[in-house]
Amino acid sequence: MSTNESEPLLSVESLRTQFRTENGTVTAVDDVSFTLKSGEVMGIVGESGAGKSVTAKSIMRLIQSPGEIVSGSVMFGGRDLTELSDAEMREVRGNQITLIPQDPMTSLNPVLTVGEQIVETIECHQDVNRKEARKIAIEAMKEVEIPAPESRIDEYPHEFSGGMRQRILIAIGLACEPELIIADEPTTALDVTTQAKILELLNDLRKDHGVSILMITHNLGVVAQTCDRVGVMYAGNLIETGSVSAIFNRPRHPYTRALIDAIPEVGSDHDRLYALEGSMPDLKNLPDGCNFADRCPHAVEACQTGGDPPLESPEDAPEERLAACIRKTELDLSTPTIPESTKRQKKEPIEETLLEVSGLKKHFSSGNGLFGNLSVTRTDGGLSLERRYVKAVDGVDFTINRGETVGLVGESGCGKSTVARTVLQLLEPTAGEVYFDGHPLHSLDDNEIRSLRQEMQIVFQDPKSSLNPRKTVGQIIGRGMEKHDIATGQEKRKRIEELLERVGLQSTDLEKYPHQFSGGQQQRIAIASALAVEPKLIVCDEPVSALDVSVQAQILNLLDDIQAEFGLSYLFISHNISVVQHICDRVAVMYLGEIVEFGTVNQVFDPPYHPYTESLLSSVPHADPNRRSNRILLDGTVPSPLNPPNGCSFHTRCPKKIGEQCEKQVPGAEQVGSNKTHQIACHLSEAEMSEPVDHQEKGT
Amino acid sequence: MSIGYFGLSGERKSHYARFIRQFRRNQKAMIGLGIVVSLFVIAIVTYFIPDIVPYDPTATNVQNREVGPSLEHPMGTDNIGRDIFSRVVLGTQISLYVGFTSISAAMVMGTTIGIVAGYYQGMIDESLMRAMDAMMSFPPILLALTIVAVMEPNLNNVIIALALVYTPFIARVARSAAISVRNESYIEAAIARGESDRYIIFREVLPNCVGPLLVQGSINIAFTMLLEASLSFLGLGVQPPDPSWGLMINSGWSYMGDAPWMVFFPALAIAIAVIGFNLLGDGLRDVLDPKGEIIE
């Protein structure tokens, strides 16, 4: 099959996909049309529930009962995919169109070697024998830059890291040289440094093979850095399409503007975030007018009636620029919407320490059971038994002052969450001291800690899992008050109602159950229940990671407001550097169970840097297509905490490694210049740390 | 489940309405429920009005023995002329009584052991669950036989034996449910709030394990009824002349050639009851399984 250059490779026409539920029919994809040219990368962005993934699945005809493609056509290479038989469709899938799934951890079969899984796809679609297929598989693995593919091809998925598994999935996708790759959130489950590498890889592949990519993502940064064109989806509709630069420079739809504004940007001022109120309408019960009218800051009366506006080109724009808004021509959305209370008030630093952590260590014994962590090692004197530990947290010191937010950043597995749990004594520390408000937590007994728990609360990552589904919101929030004798009866009820209103919910929500709320609302309930006991410290463990950007902005603003009102301290844990930079006063960067850099936000995010901080910062995809950072791609993966490297733990991947000193000596945390508050644990001199890394010439 | 559940709020009602609607749509569950309800009605009615059955279940009539099913005796008579229909109907009481009390006791013990094991994990889990495994390693009938034989063979001891035999099965299910609930953040949130272990186990973990436990319990009732029949058949359960289905099969056994109806009808009753509870349990599982729900 050959495609004419002028003809689009993929052309989706009025696609409509519905799901039948017992409460009515949900139109997940409603009249979506777009085209994709050969060799083009198109991004589809939108929040969860907007219909991005369903669109992708509809193209591949992967919609299963109770879902159904109701109408529309998907022209691909001259054929309408919606009319092919199942057998013909199987020939297309994996051969001409491939899907890169979101979660590399669950998308590979754990009992087959990765080689078998790649070979399987090749044998299925190409007329080759096993030997040749294996050769092609090794080629494909080379293509996606997996080191030593000849030997690694026979390994099982668990022997690969998350980023490597995503590469293998891409290799499976590439093996049959498809014309179109649909990447469904390909980097969402990955760390930022790994994400940077996968995005580089996709960019390279596209250059070398001329393959078209349909990139489904909620991350505008990913779109800005990889795509040529963008489609923005909202409530099942495509509401705006255009080139990346056009969309970012002058959005035509107010929703696109709001999405861009909601992202905390690395390097921006300490502003309040622009947060869109409300949430996406119920797909079973769409409004009469524009779907976005209720949340739109620019809505006029005409928006409330007359159905959802069609996707049309504004008069003053080129033809391929489309937007579904009746005011698309008159509105000028090229500048960010600035929220009313613009600058966040600079907080007066209070120099009174609330929490002091020194030398904190937490080692888990590896393996299960009594003898699980014993291992036999061969030493000079013969065999010896040794107990093995995972050093999740290995000597961490920091302080939190009253009314201050301290951030802990680092990639997954660096020990951030373990620090939080150990500080709260949810896990017993192996060593080290924790003083909270003058109380030595490490030496208190269970009962004393139980009564102190009132003062320290935690907000978890997944709001769904942090609320007991069998209790009403009132019971959840009220329980803490009862437990710590803060309020009972009518008084309690009144306080719960006040709290609910404070976090932006209704006082009548008291009787509802958690499953009746959206993710963002559930996180508000979790925050309210943490506030209920009037704590002094709240540990926020990735509180916005599971939320959409617009909701994330709402929650971050809420956390800010509450802090100003109640004078709380936060320990804010996140892998998202932009969020940390936005909300924190001071930041600690963690790597492999140790803090490598600690200081105020400005000190940490400006040179001199620890080399790890520098590479983390460079890996963040900016939500601005004009701004490309030179990504510092780290070699290899994070070493196992079972057996951390000697000397500086970062020396195995450090782009600025000096030599033997790094391998042998553990660098201590040293003050930078005259700043008492800024500490870096590195052997480099200050001047060396300020210099940019010699780029391996990637990016632009 | 806590008492607060009966003070229904509007939202809770809609939650139940949804459950009931799904349950009604499930054919298996509805058939099972129909059978179980009829059995209960029979048991309760005959308990309060024993004379409702056409004949005295213990009255012998030697002249009228081994009569085949007829209009007068719909299921025939046994070897000493007792009406089998009356005996089968009255036997419902004993079967349900044994099934319910023994499974309730097993649920209480099994749930406690399982949830404690699943919540604490580690050594407590190992020791409790290995003890359960040891009990499970005996075939149920052998274990029950041993327990009843050591004690005196009467109805209450049969119930105790059955409760002990089925405790490990319930405990297994409770443990696995508790382990998955234990990993939810709201348990950690409760610890962070300073709750005691007892509160967490009974107020946070237990209510979230009710679904699978209900299913397991209703299926196991069928098994206890079978086991009770087996024990009675072996002469260690209900003592004659009380009418128990198992006992009736036992006494009819030697007359299989001459009067097959003596075995057939009590066996049919057992089969219907077992199928009823199994269908109900299966149906409950389908309805309660969150994966079966359509994600909105």
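## Helix H7 of chain B

Helices (H or I, at least four residues) and strands (E, at least two) are DSSP runs, numbered from the N terminus. This is a predicted model, in which local features need pLDDT of at least 70, side-chain atom pairs count only at pLDDT 80 or more, and totals for chains, interfaces and linings use all residues. Residues are numbered from 1 along each chain as its sequence is written, while chains are lettered from A and ligands numbered from 1 in the order in which they are written.

Helix H7 of chain B spans residues 185-193 and is mostly covered, with eight of its nine residues buried. A residue is buried if 20 or more other C-beta atoms lie within 10 Å of its own, exposed if 12 or fewer, and partly exposed in between, with C-beta atoms placed from the backbone. The buried residues of H7(B) are B:Ser185, B:Tyr186, B:Ile187, B:Ala189, B:Ala190, B:Ile191, B:Ala192 and B:Arg193. Their cover includes parts of both chains: strand E19 (456-459) and helix H13 (473-483) of chain A, and helix H6 (155-182) and helix H8 (197-205) of chain B.

## Where the chains meet

In total, 26 residues of chain A are in contact with 18 residues of chain B. Two residues are in contact if their C-beta atoms, placed from the backbone, lie within 7 Å. On the side of chain A that touches chain B, helix H12 (446-452), E19 and H13 of chain A each supply at least two residues. The residues of that side divide into nine nonpolar, nine polar and eight charged. Here Ala, Val, Leu, Ile, Met, Phe, Trp, Tyr, Cys and Pro count as nonpolar, Asp, Glu, Lys and Arg as charged, and the others, Gly among them, as polar.

## Chain B as a whole

Chain B has 11 helices and zero strands. Its C-alpha atoms fill a box of roughly 75 × 45 × 30 Å, taken along the principal axes. Of the 296 residues of chain B, 43% count as buried. Among contacts in chain B between residues at least 6 apart in sequence, 70% join residues at least 24 apart.

## Helices H6 and H9 of chain B

The axes of H6(B) and helix H9 (residues 210-233) of chain B come within 10 Å and cross at roughly 155°. That angle makes H6(B) roughly antiparallel to H9(B). Axes are lines fitted to C-alpha atoms, for helices over the stretch in contact, and angles run from 0 to 180 degrees between N-to-C directions. Angles under 35 degrees count as roughly parallel, over 145 as roughly antiparallel, 65 to 115 as roughly perpendicular and the rest as oblique.

The crossing of H6(B) and H9(B) is right-handed. A crossing is left-handed if the near helix is turned anticlockwise from the far one by less than a right angle, and right-handed if clockwise. Among the residues making this contact are B:Phe169 and B:Ile170 of H6(B) and B:Asn220 and B:Glu228 of H9(B). The residues of the contact of H6(B) with H9(B) divide into 12 nonpolar, four polar and one charged.

## Helices H7 and H19 of chain A

In chain A, the axes of helix H7 (residues 192-209) and helix H19 (residues 611-619) come within 8 Å and cross at roughly 50°. H7(A) and H19(A) are therefore oblique to each other, and their crossing is left-handed.

A:Val192, A:Thr193, A:Gln195 and A:Ala196 of H7(A) meet A:Ser615, A:Leu616 and A:Ser619 of H19(A). This contact of H7(A) with H19(A) has three nonpolar, four polar and no charged residues.

## Helix H6 of chain A

Helix H6 of chain A (residues 162-174) has 13 residues and reaches 18 Å from its first C-alpha to its last, close to the 18 Å expected at 1.5 Å a residue. The expected span of a helix is 1.5 Å times one less than its number of residues. H6(A) is mostly covered, as 12 of its 13 residues are buried. Its buried residues, including A:Met164, A:Arg167 and A:Leu174, pack against strand E6 (97-100), helix H3 (114-125), helix H4 (130-143), strand E7 (180-184) and H7 of chain A.

## Two loop residues with positive phi

Most residues other than glycine have a negative phi. A:Glu534 has a positive phi of about 50° although it is not a glycine. A:Glu534 is in the loop between helix H15 (519-531) and strand E20 (537-541) of chain A, and counts as partly exposed because it has 15 C-beta neighbours inside 10 Å.

A:Leu592, also not a glycine, has a positive phi of about 50°. A:Leu592 is found in the loop between strand E22 (586-591) and strand E23 (594-600) of chain A. With 25 other C-beta atoms within 10 Å, A:Leu592 is buried.
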